[in-house]
Amino acid sequence: MAGTAAAGRYVGQSVKRLEDPRLVTGHGRYVDDIALPGMLHAAFGRSDLARAAITQLDTTAAEALEGVRAVFTGADLNPHNDSLRASLYPPTSPAPPANMLADGDVRFVGDPYVMVVAESRYIAEDALDLVEAEFEPLDPVVDYETAADSEHHVHPELGGNLAHDVAVPNPTQQEAFENAAHIITETWHQHRQTNVPMETRGIVASWQPHAGVMEVWASSQSPHEMQLVGARVLGIGEHKMVVHFGDVGGGFGQKMFLGREDMAVLVAAKLLASPLKWIEDRRENLMASNHARIEQMAVSMAVDGDGCFLAADLDQLEDDGAYPLGGPATPGAMAAMLFPGPYRMGPVSWRARTVYTNTCGRGAYRGPWQMESVAREQMIDRVAREVGMDPLELRRRNVLRPGDLPYEAPTGLSFETTISPEQTLEQAAEMIGYDEFRAEQAEAREQGRYLGLGMALYIEPTSMGMGPLGTESAMLRVEVDGSVNVFMGTGSHGQSLETTMAQLVADELGVRPEDVTLHQGHGSGYGFGTGGSRSAVIAGGAARAAASGVRDKVVAIAAHLMEASADDLEVADGVISVRGTPAASMTMAQVAATAYQNSDALPAGMDAGLEHTARYKAPPSTHSNACHMCVCELDPGTGKVSLLRYVVSEDCGVLINPMVVDGQIAGGVAQGIGGVLYEHCVYDESGNPLASTFLDYLVPTAAEVPELETGHVVVPSDTPGGHKGTGEGGAIGAPPAVFNAVADALAPFGAYPNRQPLDPDTVLGLIASASD
Amino acid sequence: MADQKSLSMTVNGRTRRGRGEPRLTLADFLREQALCTGVHVGCEHGVCGSCTVLMDGEAVRSCLLFAVQADGADITTVEGLAPDPETLHPVQEAFRDCHGLQCGFCTPGFILSVAAFLEANPDPTDDEIRHGIAGNLCRCTGYQGIVAATRQAAAAMRAGE
Amino acid sequence: MKPAPFDYHAPESVAESVALLDEHGDDAKPLAGGQSLVPMLAMRLTRFEHIVDLNRVDELFGVAVGNGGVRIGAMTRQAVVETDAAVAERVPLLHLASPHIGHFQIRNRGTIGGSVAHADPASEYPAVMLALDGVAEIASASGTREASAAEFFESTFMTAVAPNELLVALRFPSWERPAGFAFDEIARRSGDFALAGAAVGIGTDGQGRINRAAVGMLGVGPTPRRAASVEAALMGLAAADADAAEIGRLAADDMDPVGDVHASAEYRRRAGSTLVGRVLADALAQLRKEAGDG
């Protein structure tokens, strides 16, 4: 059933990126490159204590410093906002108090409590040193495992630290457990990590008092979230918010929503009526932007004598920090529902809780609910070990096969017939040479070398078609000279949409990709932006529909002008020709010029102009799937783990640009490798972040990431074009695959890891405690 | 407050003059006064490599130098690497060919580091490439395209000489 | 993340430099390569009213051979130490240690004197200096004095150099050959500070008996450490008989590790002594190779 959907002239090709000429020559325009006349600079004073009352705050000396324009406290700024609610977050749900700056007390290290506006960032930071603040320390809530029971409350207004508690028991699950041959139980822990876009957050806001317009440049994944929520914060209409979208240096979820600092800058810029810039520094980014993956899932799995998965019981707990970015979320519920993943599984009971702590707020990070794959895939390897079965064989026994599809998971999710978990499992096993590896591994052990292989198989719900996420629009206009401008609500920040959307438009409309320019931000129609593996399907659906609408008109005009039948015309690379008679042709420019400048020559009754707007509504979910396999070597003397091979077999449906797809996978895999082996936002017991520089927060370098081999299974989805989302997948599959590889290498020592990071110290400790 | 110093250096072949306090970093001078916004500031503590420039031909972190220290120096930023506006340097070309960039923020620093690395190691092995470029961080590409681009650029630069 | 203001001085001689340090005392800080100092200034973890930039003091740069060893000016860039032929031949440990310092962009600016004077216990040159009994030349307004490596490193980030003094050069002895040298370290990522590291030199008499053993360690104490027990165990042994792994384990007794976010003290002790054994094995292999070649 592989790939019948048409690859086009450009779709399916590794077209070189249209973004690159400017980016490789230093001519990108990121938010910090914006300089406006009279622009001022903001810096935030942040709490050094995890929880404390502010007993004194005197800004007199700071205000008196030459070059300082204003110093704002929470009392100054907070009353000016209308609502800080992110658009995904229901207004009725309980939430931390809405404030831009801490007022009265601080609730995590990094909590901003004062904002200085000065002529330069240097002076603004000088002024922060002059702010006289005194704090009375309070006992912080740092450990999320005990937060729910703590007598100390992160947000006293909420009366407790439990943010969410959802439980969905399944009575038949108990029954299945009673009849199982094996019940295996483990609690799997992830640890605090952060997104680390290479460009930190940042915003430039410029208020035009007489027009009542706020003009904004922001490092954002979602210019329309900035437009909508920014307008709400300022108490103005969205038609008075002009959000420019330039180059954005990565986000991985961090730039989907407005931060408290973004809102403070908007409000301050309006109060001061001066252009105002804030560029987050790296320390702020690492300690106060957002953290993620602070979670654990207790899993019990019932398995029969043949290794078939009978039932599971799940208990998920996640740390929301103090001020979760984008609002308190419940990815745990999603993780639980997705737990069965690409396997046949009996009844599942689950509970998911989220708690507040006096730490940096949780935010979305590439694959925000990937705990489902982490817990399931690590659990399957554990089951294999407990029942004495090969982990690949165990997966083969339970994996969903084409004959099982469509499939309704016991947690209520439905999988369409267009997923291919079994195919990707087999392709990955083939690529890595599974049987040969097992022989090599045994041989290596004879020589005192410890190799391990890990695998992870998953299904990812991409391109979710509900609520604010459900649609995207494209406004496409062929200009008089035949070139094409398309305006979309996306926020490409590395995903190559300027190229991939141009490829889609090029094929659908019949032009070359380089004839198409994508415009995002101001002037585009509402869209949720770029994130959630949604752009290929949802934005792509809109681009395709807009292009198709224009193409129909192009053909009609050309047919009229050339006195040919529309059915006989083909359009490619900006030339409309009569099929079989290439000499009979005209250019897109000629058609466009007619549409705009000689409209009397158009077919009778046809509207002048050559433009079309389309909005695409996605189905509830378009599932992609993949299998990761990797091989590591563990040095038992130092505990260091090196990855020797990494293989991904994936199915994202029809590939728009294979080079871009491989790049998305590779980036996610590197983040997963980083998460398991290197990265950790460590807090001490008092709630001090200990990894607030790049010397302590260890993003992997080229030396830590192995060569990646990718294979593609192409089962087109039912959406237009047959695409599926692929942006997050790498970061979903990699953590459990890497973890399982290390666990496999540790098996000869009798060690059973259940938490990350698997840094050298931890690994050596596991070996030591297993041999005790 | 410390005195402003007058500054003069050659940036991409042209003399650039300016003023600044001694604490003004070279990165900020290049961005704000020489208007080379291709110099990206990613960490300001010398780890990420985004702000890498060539100073008198050697790759350095411009966030760890004060502009006053570069007074009289010859600086090349990514804007000055290509021979002319119509042509890309082989390293720039290779980054585009091999998808060595996604968001593009780390890219200028990487390109200058790779150019300097290949100058010293014209025919590196893959392992030498991986360790040689480990002083620059990228969060998007997983380094696959960057390693491939370095390979391609090495071959192109050897062939071009 | 911007540094606080300071007055900037760019002296062109040692005399001028020490005069500035003498005048400003604690309020002044010499700026060498800036690869450690500037981040601390940028984060405002430290601040000085006066920065004395040594980068225009020509007499502080360069490698000179003589007096049975090598004299390296304090401002000599790590990249120069790494590639200098005289250093590679006469003090191989410096050559072997250099690539482990950060990344090449760091070594293009970082200096040997800056690294030694900063005295980070996890950095490479201090351990090499200690292992080889290097000597520091220290200047002040009242003249020049010397300090042995053993005296030099007082505690973490603290050295024998007073605020009004300037480290001007380091001297390293050349060893008689054949000898074997090796350096390695455990770091979280390529280029990171060492969790533990070792610099080993082994020399033998005409009969192949070890008569010289130098083992410096980094990352396993508040200062660089010497593995005296390992050195003692090696002396007088036939090089061919030395059980490197077994002897290396003795190094644990010579460590006084401090835990941090990257590794516990216990890890540093355990993995560090394994590493000492491995580096010792490498040094012995180099010795065999050199003796065979000779």
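Reader: In which hand does α15(A) pass α16(A)?
Author: This is a predicted model, in which local features need pLDDT of at least 70, side-chain atom pairs count only at pLDDT 80 or more, and totals for chains, interfaces and linings use all residues. Residues are numbered from 1 along each chain as its sequence is written, while chains are lettered from A and ligands numbered from 1 in the order in which they are written. A crossing is right-handed if the near helix is turned clockwise from the far one by less than a right angle, and left-handed if anticlockwise. The crossing of α15(A) and α16(A) is right-handed.

Reader: At what angle do the axes of α15 and α16 of chain A cross?
Author: Helices are DSSP runs (H or I, at least four residues), numbered from the N terminus; here they are residues 497–510 and residues 535–562. Axes are lines fitted to C-alpha atoms over the stretch in contact, with angles from 0 to 180 degrees between N-to-C directions. These two axes come within 8 Å, and they cross at roughly 35°.

Reader: Which residues of α16(A) does Val505(A) touch?
Author: Val505(A) is part of the contact on the α15(A) side. Two residues are in contact if their C-beta atoms, placed from the backbone, lie within 7 Å. Not counting residues up to four places away in sequence, Val505(A) touches residues including Val486(A) and Val516(A).

Reader: How many residues does chain B give to its contact with chain C?
Author: β4 (58–61) of chain B gives the most to this side, with 4 residues. The contact takes 23 residues from chain C, and from chain B 23 residues.
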